[in-house]
Amino acid sequence: MEQDNVPKALRILERAKYQYALGATANAKKLGIEAINLLNSVLKDGAHDKVILKEICNDAIEFYQNISNSKYLTFDEKLTWLSSSVNGGFFPPAILKHSFIADEELNDELHLSEDQTAKLTSWKSINNDNDWSLDGIDHLYQDYLQDCSFVASLISLSKFNSKLLLNTIYPHKSSKRYGVTLHFNGCQRLVEIGDQLPVLSKECLYIKSRSNEHLLWVSLIEKAYLKVQGHGYEAKGSNASIDTYVVSGWIPQFIHADQRVDLNSLWEDLYDSFQNNRLVLSLGTGKHSEYYYPNHDYSILELVESTRSIVIKNPWEESIRAVKFEELFDHFETLYINWNPSNFIHTQMNFIWTYNDDIFFNNPQFSVTNDNPATVEVWILIEKFMGFEQSSINVLVYQSNGQKLFSKGKSLVYNSSNNSGFHLSKFKLGAGQSATIVVTNDSKQTQNFSIHAYSSKRVSLTKAKAQYPFLKSIKDEWDVDSCGGNWSHQSYVKNPQYQIEVPEAGQDVEVIFGLFSNKDVLLNLQLYWDDDKPFSEKASLIHEKYHAGSMTKCIKLKSGQKYKLVMSTYDTDILAPFRLLINSNVGLSIQKLSSRLGLFLRTFKFDWNNKNRFKLKFQVKRETPVKVHIWTDNLYSSYRPKIRASLFYSDGRPIQINTEFDDSIYGIWLKKAIISPTDSVILLIERFEVGNDEMSIEIGSDQKIEVLT
């Protein structure tokens, strides 16, 4: 039928935008052309509202013309479209001003359990029986289907918001298919459903009204909800607050019995808001409940001020019951609150969670700023998209300048994690104040989220950026050759090292170092001038204790200087990966230093044998730099002899002569020697006094070394 070409074109255009978001531009173009051709046929027909039709046509043409533009959709928009495919269905963002549904059959008989299938007699259209009025909306009840949370949410909403429920479904007339708008995966989405409901031999598998058996449009909303969940009529557990959000978009909040809430203050917060339709309420029991059904949700119909009690309704039953508010958490595990979003200014962003090796800095972080002249309360809601595994999420809120944080800061609110897929956090920002929001998640699966900010005055919500413009991320590890341990070990010099060169900047350079590894690894950073002086604890420019899992250090580096950065663990037998982050206000040159002395390495040991001089003769076949490391193997005593070393050719010509003795635990180095193949070389090692210790020598070069004596 010609009148169905508009909704058909809209559905095709929605698929085209999904394909574009996937990067399948050829498919997007093909579908775009198909949508435009259908719309052209409607324009010729002239049966539709010209203004609305023109808007739809312009949208289709603009989309088609920009398919080759990879930036036509923003990241937020792409993620919104990509998240249309969930649990085996396609549910595009709902464009409410273009609410067209084709009046054609949709075969969507949802999945039934084995028991339900055994009792099924038919799938029956509601069109001859449905009453599109609100008569009986206050007498909804749950029958055979195990979806108490959904029914409880509809009962709670129906007290003041029955028209809201009715307006989630269209058209309000007999049709072979209907559109239901539900809130999930970051926006309000269109769910198309057929007009048929399952009929069982005895029980009823869908929500009904006790006073109006023809009030079946609510059953279609329930069908749409079940379709999105992906389990059909074999419903899985949810909670009334989440289901209320899905149906209405009202902001979900959970208050658990173990949260030590002041019930008097809570009553004051809830009573007026409830009476003025600023919120709806429901309750949930836990696994063990003495007077109420376990793992079951109840609606709250009234708050009675004179007795400080609440009137509750079990979705299964016709009767209602009063409970003293002060006894609320004696019987129920969770109070579910959903706040009317029309009382707030709303801002949101989509984001992707990817596993980040538990590096705090790499968690999704957002900046919230209050640019108003007065204090504003801000609510942050994290919404995980459907179709992902269950995981525990939390929201950390820190006072800051809005920058991305390397580590935890001063908390503005203390939250606990939950695995519901939703997390609400409330805090206040003073005039001009900012906060950094950090989202944590224990999943190793890539997952999609939205972050929503609600406030009475507009606040800015942006992705948090690093404090300084230059950020370097380095992935490395402590392995069997480089797990040198802390500076009390001779092997400390084997730890991973990086040279940092600061350009001429005219002033000191601001730098933040962040080191991250496994939570049980005690780690530290040391920073030295890059000179010929041996390592020593006192020489480090960073003096911090060893930290478990991570550490952060802010420091100023001198313009035009070179430094050496050492990453160490406390113990020597730790094999673990680490991530080094360097954030600076000026670009730095960062280069890893090899702990090897060269491509070719010769290792020797010798005893002093009550002498104070030792000579080693060697030669090379090509001119090459040679590096020498000498140290005392004395693991059981703090005594180390003072030693020095020099290099010269056999004919007496000096190569590198040292006059100072040193007893560093890490030994001594000769690093600037360029050896010619014209003559053999003598390495002379001397000690301040005679002794009998064992010494170790490493000689490294990029050419082979031949030892002569």
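**View 1. Placement of domain 1 and domain 3.** The C-alpha centres of domain 1 and domain 3 are 34 Å apart. In this predicted model, local features need pLDDT of at least 70 and side-chain atom pairs count only at pLDDT 80 or more, while totals for chains, interfaces and linings use all residues. Residues are numbered from 1 along each chain as its sequence is written, and side-chain values use heavy atoms, with hydrogens and water left out. The chain comprises domain 1 (4-84), domain 2 (104-341), domain 3 (345-463), domain 4 (470-593) and domain 5 (600-707), with bounds from an automatic or database domain assignment.

**View 2. The interface of domain 1 and domain 3.** Five residues of domain 1 contact seven residues of domain 3, contact meaning heavy atoms within 4.5 Å. About 470 Å² is buried between domain 1 and domain 3, with 56% given by carbon and sulfur atoms; buried area is the accessible area (1.4 Å probe) that two parts lose on being put together, summed over both. F75, D76 and L79 supply 78% of the area that domain 1 buries against domain 3, more than any other three residues. Between domain 1 and domain 3 there are zero salt bridges.

View 3. Side chains of opposite charge can pair when their charged atoms come close. A salt bridge is a side-chain nitrogen of Lys or Arg within 4 Å of a carboxyl oxygen of Asp or Glu, and the count by this rule is 23. E192 forms one with R11, their closest N and O atoms being 3.9 Å apart. Because E192 lies in strand 7 (residues 187-194) and R11 in helix 1 (residues 5-22), the pair ties together parts 181 residues apart in sequence. Helices (H or I, at least four residues) and strands (E, at least two) are DSSP runs, numbered from the N terminus.

View 4. Five strands form an open sheet in the order 29-28-31-26-33, with antiparallel pairing. Strand 29 (547-548) and strand 33 (589-593) stand at the edges with a single partner strand each, so one side of each has no neighbour in the sheet. Two strands pair if DSSP finds at least two bridges between them; strand 26 (residues 497-501) and strand 33 pair over five bridges. Y498 stands opposite K592 in strand 33.

**View 5. Backbone geometry in two loops.** A cis peptide bond, with omega about 0 degrees, joins Y170 and P171. P171 lies in the loop between strand 5 (169-170) and strand 6 (177-184). R260, although not a glycine, has a positive phi of about 55 degrees.
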